[in-house]
Amino acid sequence: MADKKFEDMKKELFYKSENAGEVLEQADIDAADCFAEDYKKFLDASKTEREAVLSVVEIAKKNGYKEFDSTAEYKSGDKFFYVNRNKSVILTVMGKKSLKEGVKIAAAHIDSPRLDLKPNPLYEKDELALFKTHYYGGIKKYQWVTIPLALHGVVVKKDGTKVEVCLGEEENEPKFVITDILPHLGAEQGKRTLSEGIKGEELNILVGSRPFKDGEGSELVKFNIMKLINEKYGIVEADFLSAELEAVPAFKASDIGFDRSMIGSYGHDDRVCAYPAVMASVSVENPEYTTLTVLADKEETGSDGNTGLNSDYMENFIYKLGEQQNVQGYDILAKSECLSADVNSALDPTFSDVFEKNNCSEINKGVVITKYTGARGKAGTSDASAEYMGKIRGLLEKAGIVWQIGELGKVDAGGGGTVAKYIASLDVDVVDLGVPVLSMHAPYEVISKLDLYMAYRAFTEFFKQ
Ligand code: MN
Ligand code: MN
């Protein structure tokens, strides 16, 4: 080292994250831009977990995946998908090695923060018709007013028939909106704290204003709207009681910036990890180890419920796979590895004081590895081991993948969690790996195309090992 120049020595001794825009070859940058085009289409078609499942199954079928059959005898190279209650899906590619060597799991989630309709949502007030909502996941409520909303979901009638709803996405379709007070009369509202600026019970969606012409008495606007809903969907008000209707932002994914380097969209968290994981799964032929791409629901409300990863469905699926090769499920799990694929908060130059510069993720610095999440002294986290971190780091660097380390903000600035802890509790090695996001959980989030592509490359290398 003695005859090396100081600058070279410094480069070798110091850690510095790299900007993918500087270090990637032009061919890789072009490939990233191309990958992003299909991702935008996926985003627009997959605004809810149910729609994401349909999109993923369509991609899987096109690539030779068949529906999982627990009586089939699978062999190396076989590809199949398992759908759990229309809201989560597992893609599997059987590996050359026995399941007793473990499986490689990429686990992302396909639910995003949104506004769910309450079970009995429709009402009339001051001759306007509105829907009551109950927000889903962590949102800043003031961000969800005065933006165009679309309605997605299903209504199940008491005879079991299911009605699909998707309204407000097409150019010529009506949109919905939550109103806000004009600034001229906003003085009292302005004294509220930001988090109380719009309250939960004020997230009421405007759905109509014209009264039924030939009626009399009260609620003529509500009557008119319910009549229109009945004509369009064949449902009555009581059918809302057995429905899952979700209001989501009606805008489409777009390039952001003069350089078109970023994408603005609803629902990057966590489709920006789910999509590259799916594409990695379909691109890996005949892997050594069996690969699982797990796309879960309910992460945004804590992973509880039978479509979230705090339920046993993924574990049961692995046990079912094991039965075919006479391998105990717990033996598979103990040797398995997982990338918990979720987003992290990107450094925001306007709000940089909540970040610790040396340990936060940044736009264009590549895929972000989050060793631990949690809050108040790492509570509620799976803290990845140094051994596993070392292994994943080596894997990425060997493949020339631009990556960075990231904590979710400053110590005690807040915190959060991912599905990693539920997977760790199954005796699996796991670390969070994903894409940095600006304005996370806002109706319109921003990511970098190069980071998205680095995530795709990372999942591909993980599955290929
Ligand atoms: Mn997430
Ligand atoms: Mn989230």
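Biologist: Which ring does the charged end of Lys378 sit over?
Modeller: The ring of Tyr372, with the charged end 3.9 Å from the ring's centre. A charge sits over a ring when NZ of Lys or CZ of Arg is within 6 Å of the ring centre and within 35 degrees of the ring normal.

Biologist: And what about the charged end of Arg114?
Modeller: That charged end sits over the ring of Tyr136, 3.7 Å from the centre.

Biologist: What should I know about the model before we go on?
Modeller: The model is predicted, so local features need pLDDT of at least 70 and side-chain atom pairs count only at pLDDT 80 or more, while totals for chains, interfaces and linings use all residues. Side-chain values use heavy atoms, with hydrogens and water left out; residues are numbered from 1 along each chain as its sequence is written, and chains are lettered from A and ligands numbered from 1 in the order in which they are written.

Biologist: Where do His109 and Asp269 lie in the chain?
Modeller: His109 is in strand E4 (residues 103-109) and Asp269 in helix H7, 160 residues apart, so the pair links distant parts of the chain. Helices (H or I, at least four residues) and strands (E, at least two) are DSSP runs, numbered from the N terminus.

Biologist: Which residues hold the manganese ion (ligand 2)?
Modeller: Asp269 (OD), Glu300 with two OE entries, and His441 (NE2), at 2.0 to 2.6 Å. Asp269 lies in helix H7 (residues 268-283) and Glu300 in the loop between strand E14 (290-296) and helix H8 (313-324), so the pair ties together parts that are 31 residues apart in sequence.

Biologist: How far apart are the manganese ion (ligand 1) and the manganese ion (ligand 2)?
Modeller: They are 3.2 Å apart, and Asp269 coordinates both.

Biologist: Is Asp269 buried or exposed?
Modeller: Buried, with a relative accessible area of 2%. His109 counts as buried at 1%, and Glu300 counts as buried at 11%. Buried means under 20% relative accessible area, exposed over 50%, and partly exposed in between (1.4 Å probe, protein chains only).

Biologist: You mentioned H8. Which of its residues are buried?
Modeller: Tyr313, Met314, Phe317, Ile318, Leu321 and Gly322. An α-helix has 3.6 residues a turn, so residues three or four places apart point the same way. The buried residues of H8 pack against strand E2 (79-84), strand E3 (88-93), E4, E14, helix H9 (329-334) and helix H11 (420-424).

Biologist: How does the span of H8 work out?
Modeller: At 1.5 Å a residue, its twelve residues should span 16 Å, and its end C-alpha atoms are 17 Å apart, which agrees. The expected span is 1.5 Å times one less than the number of residues. After H8 comes Asn326, with a positive phi near 55°.

Biologist: What is Glu315 in contact with?
Modeller: Leaving aside neighbours within four places in sequence, Glu315 is in contact with Leu333 and Leu426; contact means heavy atoms within 4.5 Å. Glu315 lies in helix H8 and counts as partly exposed at 21% relative accessibility.

Biologist: Switching to rings: how many aromatic pairs are there?
Modeller: The structure holds 18. One of them is Phe251 with Tyr444, which is edge-to-face, 5.3 Å centre to centre and 90° between the planes. Rings of Phe, Tyr and Trp (its six-membered ring) pair if their centres lie within 6.5 Å; planes under 30 degrees apart count as stacked, over 60 as edge-to-face and the rest as tilted.

Biologist: Which residues do ring pairs link into a cluster?
Modeller: Phe35, Tyr39, Phe42, Tyr275, Tyr453 and Tyr456.

How values were computed. Donors = N, O, S within 2.8 Å, 3.2 Å for Na, K, Ca; no water.
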